[in-house]
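Subject: Structure for you to look at

Hello,

Here is the structure I said I would pass on. My notes on it follow below.

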Amino acid sequence: MKALVAYASTTGNTRKVAEAMARALGCEARAVGELDAAGVEAERFFVGGAVYATHDHGLDPALTGFIARLEPRKIGTAYAFSTGFERSDASGLVARALAARGVAVGRERF
């Protein structure tokens, strides 16, 4: 089963979590800026980020732009994860952006 972890990280915290997840899953962790979103193919696709005051308490535009270019038919199920303040609902923002793009999103968030 092909898995991939994609992330946007300004401070490095989300990158560290993504890399740990990838080690546990036996797959790669890649920054969204390193990936061609239209070419992403994965049965299990983990997407993570955080909210930032510098982005009006929203997700990094690099992450939302990446999600907007995904090809939903190439992705089995996506799972959102986030770092930072729990009340920020960053994983919810990621999950909603994926669903709005037409990507199947698993209920579990991390």
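This is a predicted model: local features need pLDDT of at least 70, side-chain atom pairs count only at pLDDT 80 or more; totals for chains, interfaces and linings use all residues.

Helix α3 covers residues 90–101, and its twelve residues should span 16 Å at 1.5 Å a residue; the end C-alpha atoms are 17 Å apart, which agrees. The expected span is 1.5 Å times one less than the number of residues. Buried in α3 are Ala 90, Ser 91, Gly 92, Val 94, Ala 95 and Leu 98, where buried means under 20% relative accessible area with a 1.4 Å probe, protein chains only.

Residues are numbered from 1 along each chain as its sequence is written, and side-chain values use heavy atoms, with hydrogens and water left out.

The chain has three helices and six strands, in the order β-α-β-β-β-β-α-β-α. These are DSSP runs numbered from the N terminus: helices are H or I of at least four residues, strands E of at least two. The radius of gyration is 12 Å, close to the 13 Å of the globule rule for 110 residues, so the chain is as compact as a globular protein of that length. That radius is taken over C-alpha atoms, and the rule is 2.2 Å times the number of residues to the power 0.38.

Of the 110 residues, 41% are buried. Among contacts (heavy atoms within 4.5 Å) between residues at least 6 apart in sequence, 73% join residues at least 24 apart.

Regards

How values were computed: Buried means under 20% relative accessible area, exposed over 50%, partly exposed in between (1.4 Å probe, protein chains only).
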